[in-house]
Amino acid sequence: MNEPPKNRIHRDAIRVWRTHECLTAGFVLLVVGGVTGLTFLFDWHRWIPAVLWSVATVYLVPAIWIYPLLRWRYYRYEVNEKEIDIQSGYFFIRRTIIPMVRVQHVNTTQGPLLRRHGLSELEINTAGGASFTIPALLTEEADQLRDRIGSLVRVARDE
């Protein structure tokens, strides 16, 4: 495999992903707390809340503190005249090469968490119907990259 792509996404992506996981954790803990209350109210088996709290803890602690950092560390991208190179994953590294002639359209999107940190996602759609995302770029950088990819696609189709 070639060298990894050079560009990283913005470091604030870690904060965005941690916030997202904390919101998810709040919902999960609310459900587990509700099941615990129902267990005592209806005299269900006591092992049910113990298992749920254990599973929730084992899942949520790394999801909040470890996975966002690993995801940021290994996520990279690079755009040149012929292709877009995206690397993602932390246990299993995935490399995706998208030829410019296959790019159908490029979007930037921004949810409330990304907007709070001045970030946007760049979504690349191909002629085959596949969609690829470069998450957590500075909004200005995402807009420039979207325009640059659009220009490179036009040049690639003219050749």
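Aspartate 147 and arginine 146 form a salt bridge, in which the closest N and O atoms are 3.4 Å apart. The model that shows this pair is predicted. Aspartate 147 has a relative accessible area of 44%, so this residue is partly exposed.

Arginine 146 also forms a salt bridge with aspartate 143, and here the closest N and O atoms are 3.3 Å apart. Aspartate 143 and arginine 146 lie 3 residues apart in helix 5, which covers residues 139-158, so about one helical turn separates them. Both residues are partly exposed: the relative accessible area is 27% for aspartate 143 and 25% for arginine 146. Together, Asp143, Arg146 and Asp147 are linked in a network of salt bridges.

The structure holds 4 salt bridges. One of them pairs arginine 95 with aspartate 85, with the closest N and O atoms 2.6 Å apart. This pair links distant parts of the chain, as the two residues are 10 residues apart. Arginine 95 belongs to strand 4 (residues 94-99), and aspartate 85 belongs to strand 3 (residues 83-88).

Is aspartate 85 buried or exposed? Its relative accessibility is 9%, and the cut-off for a buried residue is under 20%. Aspartate 85 therefore counts as buried.

An open sheet is formed by 3 strands in the order 5-6-7, and their pairing is antiparallel. Which strands stand at the edges of this sheet? The edge positions belong to strand 5 (103-109) and strand 7 (131-138). Each of these two has a single partner strand, so one side of each is left without a neighbour in the sheet. On average, neighbouring strands of the sheet are turned by 20 degrees against each other, direction ignored.

How many bridges join strand 5 to strand 6? There are 6 bridges between them, and the two strands run antiparallel. Strand 6 consists of residues 119-126.

Methods
Residues are numbered from 1 along each chain as its sequence is written. This is a predicted model: local features need pLDDT of at least 70, side-chain atom pairs count only at pLDDT 80 or more; totals for chains, interfaces and linings use all residues. Side-chain values use heavy atoms; hydrogens and water are left out. Two strands pair if DSSP finds at least two bridges between them. Helices (H or I, at least four residues) and strands (E, at least two) are DSSP runs, numbered from the N terminus. Axes are lines fitted to C-alpha atoms, for helices over the stretch in contact, and angles run from 0 to 180 degrees between N-to-C directions. A salt bridge is a side-chain nitrogen of Lys or Arg within 4 Å of a carboxyl oxygen of Asp or Glu. Buried means under 20% relative accessible area, exposed over 50%, partly exposed in between (1.4 Å probe, protein chains only).
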